[in-house]
Structures are given as C-alpha cells and as structure tokens.
Amino acid sequence: MLAKAARSPKSQTALWVLLLAMGFGAGIAGYHYLGSEVLQPISQTDYVARTDNILRTTPLIDGHNDLPYLLRIELQNKLYDSSFDFRHALASHTDLERLKQGKVGGQFWSVFVECPNIENADHPTHSVRDTLEQVDVTRRFIKEIEELEFCDTSACVSSAFRSGKVASMLGAEGLHQAGSSIAVIRQPFDLGVRYVTLTHNCDNPFATAASTITAGGQDMGLNTTQSPVIFSHSTCFELAKTYRNAPDDVLTRLKQNGGVLMVMFVKRFLNAEDPDSADIERVVDHIMHVVAVAGWDHVGIGGDFDGTVTLANGISSVADYPKLIAAVMKRGATDEQIKKLIGANLLRVWAENEKVAVRLSREMLPVEEVWEGRLFTRWNNPLPLLIPNNPNRVAALDYP
Ligand SMILES: [Zn+2]
C-alpha cells in the first residue's frame, strides 16, 4: 500500500535507488572538463595514445570487485594487520599499483556475503550482520588508502576523478544480504551502499536467481522499475548459455529501460561450452553483442576481479583495462563510444536514478510491504494493547 504524501524523502530515496537497481552519473556533458588537454590529433590506429587520452579525461568505472570478501576470509576484516599491504603487490587481482596501471577512475567494491544455507526465508541467518561487517571493513579500507575516495553520489565520482583519486563505491550482491526485507534495504543505503542486485545464486522472496524470460519466467524487475537499472557484472546468454547471463529479449528491454549491462570477465560466463578458451577477444565479443542488440548507450564494464580464479585469458588484474579498451577500439569503436563503455553510461544511469529517487520521495511514502507469509514473532510476556481488538496483533503463547 502506497499512500501519497511528502514525507521522509531520505528513506524513500534509499528504497528506490537500491531496489530498482542503481545507477550513477554526472551526465555525459560533464565529461568535457579536461578536454583542453587534447593537444594534437591522435592517429585512429594508435590505440595506446587514444586509450591514454580517454582515460585521462573520462573515469573508467568498474561495476564489481570482490576484494572486500578476500579481506573477510583472509584477514577476518583486520585491515591494520601488517601482512596486508594494499599499496604494493597482492597475490590477488587488485592493489593500488595495478589500479594506477589500469588507470581506474572509479570502483564499485562489492560488500558480498554468500547465500545462507536455509530452506525458508524466515529461517535465521547471519547474512545481515555479515553484510554490515562488510560495509564496515570496506569503508575503513577506503578511508585507510588516501588515493581512494568514498563516493555515494554520481557527482562525487567526477570530482574524485578530477582530484586524481579512485572514486570508491559500495554495492551489495543479492537481497539475501538484506534478509529479504525492504526495511533492511534502506539501512545499507544510509550507510552508503549504492546498488544491491536482486539475487546472487539463491532465490529470495523478491526474485528467482538466474531466472530469465527465456527460462519461462517473467522479468518483473524490468517490468516494475521506474528507473534505469544496471547489470553490475554480467554477460550475454546468446554467447554463453547460462541463465546467469542476459538473453537478447532482456537486452532489448534494457535498451527501452535506459539502463546498462556491465560486461564481466569470468570464463564460464563468457564461454559456457569451452570456458578454458575464453579470452580477452571473447570479452570484446560480449561487449559488441550488447552493442548490437541494445546499442553503445547500454554497455559498461564490471569485471568481477577478486571474485573468481578464472579470468579471461589475457586479463589477469585491474592493470589490464587499457588492453581491453585497445581490443574494443580494434573492432572499430570511436573514442565517444569507448567513453560510454568505460563509465559515461554508468554515470548517466546513476544520475537518472538520483533524479527518479527525488521525484518518488515526493510522490510516495516509504514502502512498508513485506513478502507474503512473512512471520513476526513475540516473546511470551504480557504487553499493553496499542489498538483494542486489533486482529493483526501477534499473540504470545499465554497472552493475547
Ligand atoms: Zn561478487
């Protein structure tokens, strides 16, 4: 039930920006601020110079990096342990040196925790506690490294980039991380989390994991949203037939929706039949397939570094983004198209989400719905009546 009134705009913003999925942006027009640095014409086939020039003026924003989960499982979130040195070489895919080599301008750090092993959404789990711990460690990590700047608005990404920092955002992965509660979704928003995917690999009361229109289901997310969505790290079903990937009908809907699919680098999602052969050219194939079906305005990058041990051949760390950009250029992409791919589309979508959130916060109250069959419990103790004869009051074993 949604009543109309102007109340609690912050909470409302939280709900819509998170549930509807997330965007970012300063608007494409914001990208010309460093244009004066372009001093001389660059040959179209000088991919290195073109890439350098673009990455100096447009923030490359990756949609998904699972480093925070490694902080959890290896350090138990003890960041100040001397064995953790983010400035220099880590054995995983991401550290400061390689972020700089890769010229990364913005990174969504995933505050992922795994799906709980439960059969009923009402069964108790640690998912929400563990998610809050992930938010805590990620925010402390960002604060600890002065070259990173925490951002929770699209405008912040552009200003952080201008001041030479890596804009650092938080994203969550699956509504199990919110205990399948809309009320809980609002809380990580207030802590700075700027996207939550509908599912990870487990179902929840709001969405079926890896379900697609092609699989016979209905894509309620795209039917329901009033705002452009993102696929933070995904690939194309047409090229790799796993239901985690987006089929063409979803890509077509994504185009209508105005959102962006951010292509990831995990082998089995790039090539389901022969994962070992998946290489950087295969990543480009997926990018070009999104472009062919939905257009250059709807594609982005969300590598999934540190969330897998099977990256596409030719991509081994966050230092390799320039290689990927050069590979896309070799397929004929213009500088403007590359700018859209690496970050401008994401920023456009984020900015649009911010606008929609402001509008909806004026038009409606925070959503108070719960999923059908949701249990509320009460301890066995006498308590005052709030509303006499209230049929919705939860009864205790010995007390009404
Ligand atoms: Zn992840």
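Reader: What makes helix H11 largely enclosed by the rest of the structure?

Author: Happy to start there, with the reminder that this is a predicted model. Twelve of the 15 residues of H11 are buried, so the helix is largely enclosed by the rest of the structure. A residue is buried when 20 or more other C-beta atoms lie within 10 Å of its own.

Reader: How do you know that the span of H11 agrees with what it should be?

Author: At 1.5 Å a residue, the 15 residues of H11 (280-294) should span 21 Å, and the end C-alpha atoms are 21 Å apart, which agrees. The expected figure uses one less than the number of residues. Just after H11 comes Gly-295, with a positive phi of about 105°.

Reader: Which residues have the most contacts inside the largest nonpolar core?

Author: That core has 86 residues, and the ones with the most contacts inside it are Leu-261, Val-263, Val-283, Ile-287, Val-290 and Val-328. The largest share of the core, nine residues, comes from H13. Leu-261 touches, among others, Phe-231, Leu-251, Leu-254, Val-290 and Val-299, leaving out residues up to four places away in sequence.

Reader: Why is H3 called roughly perpendicular to H5?

Author: Helix H3 (residues 67-75) and helix H5 (residues 127-144) pack at an angle of about 110°, with their axes 10 Å apart. Angles of 65 to 115 degrees count as roughly perpendicular, so H3 is roughly perpendicular to H5. Pro-68, Leu-71 and Arg-72 in H3 meet Gln-134, Val-137, Thr-138 and Phe-141 in H5. By class, this contact has four nonpolar, two polar and one charged residues.

Reader: How do you know that Phe-108 is buried?

Author: Phe-108 has 27 other C-beta atoms within 10 Å, and the cut-off is 20 or more, so Phe-108 is buried. This residue lies in strand S2 (residues 104-110). Leaving aside neighbours within four places in sequence, Phe-108 is in contact with Asp-62, Gly-63, His-64, Asn-65, Met-169, Gly-171 and Ser-232. Phe-108 and Arg-194 are 86 residues apart in sequence and 8.9 Å apart in space, C-alpha to C-alpha.

Reader: What is phi of Gln-76, and what is phi of Asn-77?

Author: Phi of Gln-76 is near 50°, a positive value in a residue other than glycine. For Asn-77, phi is near 70°, again positive in a residue other than glycine. Most residues other than glycine have a negative phi.

Reader: And how many residues of the whole protein count as buried, as a percentage?

Author: Of the 400 residues, 45% count as buried. The protein has 13 helices and eight strands.

Conventions
Residues are numbered from 1 along each chain as its sequence is written. This is a predicted model: local features need pLDDT of at least 70, side-chain atom pairs count only at pLDDT 80 or more; totals for chains, interfaces and linings use all residues. Axes are lines fitted to C-alpha atoms, for helices over the stretch in contact, and angles run from 0 to 180 degrees between N-to-C directions. Helices (H or I, at least four residues) and strands (E, at least two) are DSSP runs, numbered from the N terminus. Angles under 35 degrees count as roughly parallel, over 145 as roughly antiparallel, 65 to 115 as roughly perpendicular and the rest as oblique. Two residues are in contact if their C-beta atoms, placed from the backbone, lie within 7 Å. Ala, Val, Leu, Ile, Met, Phe, Trp, Tyr, Cys and Pro count as nonpolar, Asp, Glu, Lys and Arg as charged, and the others, Gly among them, as polar. A nonpolar core is a set of buried Ala, Val, Leu, Ile, Met, Phe, Trp, Tyr and Cys residues joined through C-beta atoms within 7 Å.
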